[in-house]
Structures are given as structure tokens and as C-alpha cells.
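Please look over the structure first.

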Amino acid sequence: MDRRTFGLGAAATLGLAGCSSGPSKFRSYNGPEVTSVVVNKGARKVYLLHHEDVLREYDMELGFAPLGHKQIEGDGKTPEGTYLIDRRNPNSRYHLSIGISYPNGQDRAKASAMGKKPGGEIFIHGEPNSAKERKRAARVDDWTAGCIAVTNDEIEEIYAMVRDGTVITLRP
């Protein structure tokens, strides 16, 4: 191939690359399988594990009333116990989110016994998309309604690494 043909091809490729909307929030991951996720609420850490080996560790923020197990809708608590990653939302109010299977049957029964709803919609997610909500989140610790919040860069990595059906254990 001569220089002129190469130069024109390179210029066209760079020109098309300039038309993209920037880096994608959807990453790929080809490393060891994440076999479980462990959330240590007290240490404010999320761990992605391949069997016994920690693949990644992240700092996190929790619900506005983080101590104890989530029992009812609106209590601001993050659940404790063992659940599954059961869904993902690429169009979340936050920069990506992956769902946790709370509430389970036991959670529903306990809330029902109190005459309440157990709540739901518990996710690991990134920062709010809304500028107003981002400012509020930046001012306070533990700003979610019961979810687990990480940075946008971290949720992109978690979203790529963790598959639906992965066990998640949330510890006090």
C-alpha cells in the first residue's frame, strides 16, 4: 500500500472516530469469573471474588440509616443477608445499576407481620445522573435510600464483571 492510500485511510478512520459520543459506559471483561460479591457495611467495602480470591475492592456509600437490616419501605437501611444479582438497568437514574433480589420471602413475611411493605429496588449503582442529586450526594455520606453507591468508573467495571445470578452477601 502506498503512503497516499494509507494516509487517506488513516484520516478517514480518525474522522469517523471523532463522530462518536465519547467513551462507552459499557466495558468488557475477560478475566476470572466473579463467583460472589461481598458487601461489608461496617467497613464500607464491596468485594468481587473469584472463589476465595478478591478480584476487586471498592469503597461505597449506603442508605441514610445504614445500621441494621432493611425491614420496611422507607427505613433508609441497606439489607443484610444473602441474595442474588438479578437484573441490570443501563438506563437508571444513576450511572448504571445492578439489582439485588431483596426482598425475599422471609423479608416480605417480617414486613407483613408489622403491617408494612418490605420495600425493594435495592441496587449497586453509580452517581446520580441529575446534577442536583449529585450535589446532594457529594455533601453527605450514606445518601442513598438503601442502595449501595460507588463511583461511576467503579460501577462500569462492576457492571462488566458481575453476571446476573451471582450470589451477593451483605454483612453488617
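This is a predicted model: local features need pLDDT of at least 70, side-chain atom pairs count only at pLDDT 80 or more; totals for chains, interfaces and linings use all residues.

Q: Which residues lie closest to the centre of the largest pocket?
A: The largest pocket holds about 400 Å³ of space. Its lining is made up of 21 residues. Of these, the closest to the centre are Arg93, Tyr94, Glu121, Ala145 and Cys147.

Q: How many residues in the lining of the largest pocket are polar?
A: β6 (123–125) and α3 (131–139) each supply at least two residues of this lining. By class, the lining has six nonpolar and six charged residues. The polar residues number nine.

Q: Which element gives the most to the lining of the second largest pocket?
A: The second largest pocket has about 160 Å³ of space. Residues that line it include Asp59, Arg134, Ala137, Ala138 and Trp143. The top contribution is three residues, and the element that gives them is α3.

Q: How many residues in the lining of the second largest pocket are nonpolar?
A: Among the lining residues are Met60, Pro128, Ala149 and Val150, and Met, Pro, Ala and Val count as nonpolar. The lining also has one polar and four charged residues. The nonpolar residues number seven.

Q: Which strands do the buried residues of α4 pack against?
A: Helix α4 covers residues 152–161. Buried here means under 20% relative accessible area, and Ile155, Glu156, Ile158, Tyr159, Ala160 and Met161 are buried. These residues pack against β2 (45–50), β3 (53–59), β4 (81–89), β5 (97–100) and β6.

Terms used
Residues are numbered from 1 along each chain as its sequence is written. Side-chain values use heavy atoms; hydrogens and water are left out. On a 1 Å grid over the protein atoms alone, a cavity is a set of points where a 1.4 Å probe fits but cannot get out, and a pocket is an open set with protein on both sides within 12 Å along at least five of seven lines; lining residues have an atom within 4 Å of a point. Grid points are joined across faces, edges and corners, and a volume is the space filled by probe spheres set on the points. Helices (H or I, at least four residues) and strands (E, at least two) are DSSP runs, numbered from the N terminus. Buried means under 20% relative accessible area, exposed over 50%, partly exposed in between (1.4 Å probe, protein chains only). Contact means heavy atoms within 4.5 Å.
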